[in-house]
Every structure is written in structure tokens, then in C-alpha cells.
Amino acid sequence: MPQTTAANPLESLPLASDPRFIPADRADPADASQAVSLNPATGQPLAGVRLDGAAELEAAIERARAAFLRWRLVPAPERGEVVRRIGHALRQHKDALGALVSMEVGKIRSEGLGEVQETIDIADYATGLSRMIGGRTMPSERADHRLFEQWQPLGPIGVITAFNFPNAVWGWNAMIAAVCGDSVVWKPSLMAPLTAMATNAIADAVASEMGHEGVFNLVIGTDDAVAKPMTADPRLPLISATGSTEMGRKVGQVVAGRLGKCLLELGGNNAVIVEPDADLDLAVSALLFAAVGTAGQRCTTTRRLIAHESIVEPLLGKLIPAYEKAPIGDPMDEDTLVGPLITEQSGEAFDGAIEEARSQGGTVLVGGERADVSLGGCFVKPTIIRAPSNNQLPVAQRETFGPILYVFTYEDLDDAIELHNSTAHGLSSAIMTSDVRSSERFLSPAGSDCGIANVNIGTSGAEIGGAFGGEKDTGGGREAGSDSWKAYMRRQTCTINYGASLRLAQGVRFG
Ligand code: NAD
């Protein structure tokens, strides 16, 4: 495939060749058989997608099942070579695909490109992993026996993704699943179907050219017609679902009901603790990126700032001007730092949270209103709200998917950690400090209860090398690096007797 550019991603990416693709002039939001992808910056349709239903889901699962039966027997390093070439194809399309991410979900240009880079990184990682998947050998208690475990491919994997990472979340799942010997059936968010179509087409073209048709499959449909039946289907032994906690609870119950495996990557309510000895300039940079980046629409967005009472004023004295200066506008404009919210409903949730915070005694220090951007989309001002002095602000207990940062204060680090851990979610966390004793307390068993705990960086922007995911209402799943690959395989414990007699474990004698 030739290299594509950002000039016109809708034409240069492999979209029009998909029979589901409907050009913008024929996209009709009133037609229930279509999903229309709107540019959140302008509210204008980018294109439409003909929705799949039960028949297409059935065909995709069967295609994935047939592919799995062949793919599981392909040596893992050979599977890695397919993934390596997918990474190469994504490099060729990075500019255009990054632009499409920005156009479809409103991320600023650099973050759109960063998202595609993340998928390229995970493809590189998975390629290496394809030569490193290994099992342990344990000492057998029996003479002339060998006891070991090995990891087998699991089956076709169902992947359900959220709107805000329309490319990378598929990458985290699909690249690892592929080297593990699994095929993939992907159900993307209906708010970002075009990025999904282009991404899957790029991967499918590479795999098919190499003789591996059917490893990567995409079904674009409503929750009732496609997502829910997918979660209930026993032919998909693992469902990896990314989205809200509300969605995760439903998916988790359905999958548990059939004793399937579930990998849940759900919401977050992430906090940063700022100690008296913190480098405040560093804290401001970290907070600005983590709380305002992606207009607060990351699962890892910093939503709560827990600042020591001795430095809260100077910290806010630096942070508020930085908030005021953050350029809001067209995500395709290189100078913009804050793009649109995904929908008007997100704007209403933002307005509602601010009103609620005010009624609970919170004080809006900056922002707190819509931004005056005349592009047509829903733009809001990055907002800081200070909790009342008793730290009681119930609205801060929930994830509002927008750029709102609630500020709390503390005297003692143990109280700060208790406050930090007091929410239902457990995804990402951070402490800003120059004192090793404070950072070690934060990282101790009595410290942060989150899946991710950082020191002197913010809560967002994780690297793919580590396992990504969180505890409590975040769902407990782990994706991307470290040993996350184990979720995509089945463990098999094997005992080989190379002696001439049958020896029983635990010294049992029989006959
Ligand atoms: P959402 O929950 O509305 O939808 C996510 C996906 O689930 C969509 O594809 C949707 O169609 C599907 N879905 C919804 N109900 C379903 C059901 N009953 N059965 C099967 N599928 C169903 O989330 P969203 O608004 O697209 O994304 C924002 C949310 O995602 C936030 O809460 C954010 O924190 C979370 N998120 C988490 C991570 C993570 O890795 N932890 C990453 C990105 C986003």
C-alpha cells in the first residue's frame, strides 16, 4: 500500500472499498440502518456506515473461527512477522490515520498521531513477544517425571471498544491476541466507526496477502444487534471490553453467566497528590497534560487534585493561568491544546457536574462554562473547582468525561492517601514529591489502590511496555505489556513420565 497523508484521510485510507461505507452526501442520521460519523469539532457528517446485523455478526464469528483453526497452528514467530508487517503498514498510514482520529473524535493532531504510534509500538512489542511466549518448568515430586506449563491459543476474541481510543485500544488487544494465535472480532464505538474501518482494513489486507484471511474481523452495529449477542456467544471465549463501568457491569454479568473470560477496561477517577516538597512547575506541567489533554476524555484523565494545604495557593497560582492560556479550538490546528467534547450530551454532563459542584459548596476557580468557539461542535473551558474546606464534594466521586479538576487539601499524607482511595474507581494515580519517604509510602501496600501508580508524572499517557488497567470499578483487566498476553491464552499444565513405572503423586499407592 502506498504511503498516505493527512491531506484527505477519507479518500486516501481504505474506506470507500468497504461496502458499508456511505459518502457524506448520502449519510443520513435519520436512517436507522446507518451510523453517521460526525466530526465533533463541527457537528458535520464525515461519512456514514451501513450497520451490520445478526447475519453479519454470524458471518464474522464463523470467519474468525475458521481462521483460528488454521492460525493457531502457525508458529508464533511467523504470526509475529504478520504483526510486524501490520506495524509497518500502520507507519505508512500514520499521518492519515492520525488525522482521521482527530477528525472523528476531536483529539488534537499530536494526540491523534500519538494514538496511532501507540498501535505501532504495540505491534513492535507483540512481534518481539512472538519469540518470547514461554511457560515455566517446575520440579516434579516424582522421579523420572517432568512437570511444566505451556500456553495455547484461546480462540476468536471479541473486542468491544470505546470512542476515545478508536485505534489504540484495538491495537492493544488485536496485536497481542494475534501473536498468541487468536483471531479477532472487533465491535467499535458507533461514534468512531471510520477509524475502525480503516484500521481493520489495513490489518486485514496485510494478513490476507500473507495467506491469513479472517484473523481480523470488524462488525459495526448497535449494542442490541451486535454487541450484546457477541458477549453472549460461547464461540468467543474471551470478551475484552473497554468503556464505562455501567457497560462493564452488564458485559461482565453476561460473560460470567456462560463462564467465559472477560477483560474489562472501564472508567477512572484518577487523582494526583501534591506534597509540600514537590517541584511545583513540574506539577503544573503534569497536571495540565493529564487533566486538560484530550479535553478530559481519557480514562486516565486527572479528575482530582489533592494538594497539601501549605502549597495549594502557590500551586493554583501557577495552574490557573496555565488553564486560562490553553488554546481551545479546531483540533486540526497545530496550536490547539483543547479540542471539542465528543457530543452535546457530553457538554450537558459537563454543565450538570459544574452546577452540582456549586450546589455542594464547590467554588469554580477557572472555566466552568462553554467556550466561545464558532465551529459548530461542543467546546468547553478547562475547569478547576475547589471543594469546600471539609473536602465534602460528592460530585467528585463520579467520572464526568470532560476537563473538570476538583481540588482537595490535606495536612497529613495518610489522610491524602485515604481521600485518594475513597472513590469507586481504581485506574491511575500519581504523587508529586521530592521526598523518597513520601513516594515510597504512596507505592506501599497502604498507598495507592490503583492499577497504575506514578511518581512525578501525571496519571495519563501510559507506555505500552507495562500492563495497563485498574482495580475496583475499573474492572480489573490488564492489557498491553508485561504478562498481559496471558489473558489471551489458555494455560496447560503437563506432566511427562519418562520412567518405566507409574508413580502416583502424594505417595499414593493403588493396587
Ligand atoms: P460506553 O460504555 O458508552 O461504550 C463503550 C463500548 O461498549 C461501545 O462500543 C458500546 O457500543 C459498547 N456497549 C455499551 N453497552 C454495551 C452492552 N450492554 N453490551 C456490549 N457492549 C456494550 O463508553 P464510551 O462513552 O464509548 O467511552 C468512555 C468510557 O470508556 C469512559 O468511562 C472511559 O473511562 C472508558 N475507557 C476506559 C479505558 C480503559 O482502558 N480503562 C479506555 C478508554 C475508555
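**Close-up 1. Contacts of Ala396 in the predicted model.** Leaving aside neighbours within four places in sequence, Ala396 is in contact with Asn269, Arg304, Tyr406, Phe408 and Thr423. The model shown here is predicted. Ala396 lies in the loop between β14 (383-386) and β15 (404-410). With a relative accessible area of 2%, Ala396 counts as buried, because buried means under 20%. Between Ala396 and Lys472 there are 17 Å in space, C-alpha to C-alpha, and the two are 76 residues apart in sequence.

**Close-up 2. Helix α3 and helix α7.** Two packed helices are described by the angle between their axes and the distance between the axes. Here the axes of α3 (residues 76-92) and α7 (residues 193-209) come within 9 Å and cross at roughly 135°. This angle makes α3 oblique to α7. The crossing of the two helices, α3 and α7, is right-handed.

**Close-up 3. Residues where α3 meets α7.** From α3, the residues Val82, Arg85, Ile86, Ala89 and Leu90 take part, and they meet Ile202, Ala203, Val206 and Ala207 of α7. Sorted by type, the residues of this contact are eight nonpolar, no polar and one charged.

**Close-up 4. Cysteines Cys262 and Cys378.** The count of disulfides in the model is zero. Cys262 is in no disulfide, and the nearest cysteine sulfur, that of Cys299, is 17 Å away. Are these two cysteines, Cys262 and Cys378, buried or partly exposed? Cys262 has 33% relative accessibility and therefore counts as partly exposed. Cys378, with a relative accessible area of 7%, is buried.

How values were computed
Residues are numbered from 1 along each chain as its sequence is written. This is a predicted model: local features need pLDDT of at least 70, side-chain atom pairs count only at pLDDT 80 or more; totals for chains, interfaces and linings use all residues. Side-chain values use heavy atoms; hydrogens and water are left out. Axes are lines fitted to C-alpha atoms, for helices over the stretch in contact, and angles run from 0 to 180 degrees between N-to-C directions. Helices (H or I, at least four residues) and strands (E, at least two) are DSSP runs, numbered from the N terminus. Angles under 35 degrees count as roughly parallel, over 145 as roughly antiparallel, 65 to 115 as roughly perpendicular and the rest as oblique. A crossing is left-handed if the near helix is turned anticlockwise from the far one by less than a right angle, and right-handed if clockwise. Contact means heavy atoms within 4.5 Å. Ala, Val, Leu, Ile, Met, Phe, Trp, Tyr, Cys and Pro count as nonpolar, Asp, Glu, Lys and Arg as charged, and the others, Gly among them, as polar. A disulfide is a pair of cysteine sulfur atoms within 2.5 Å. Buried means under 20% relative accessible area, exposed over 50%, partly exposed in between (1.4 Å probe, protein chains only).
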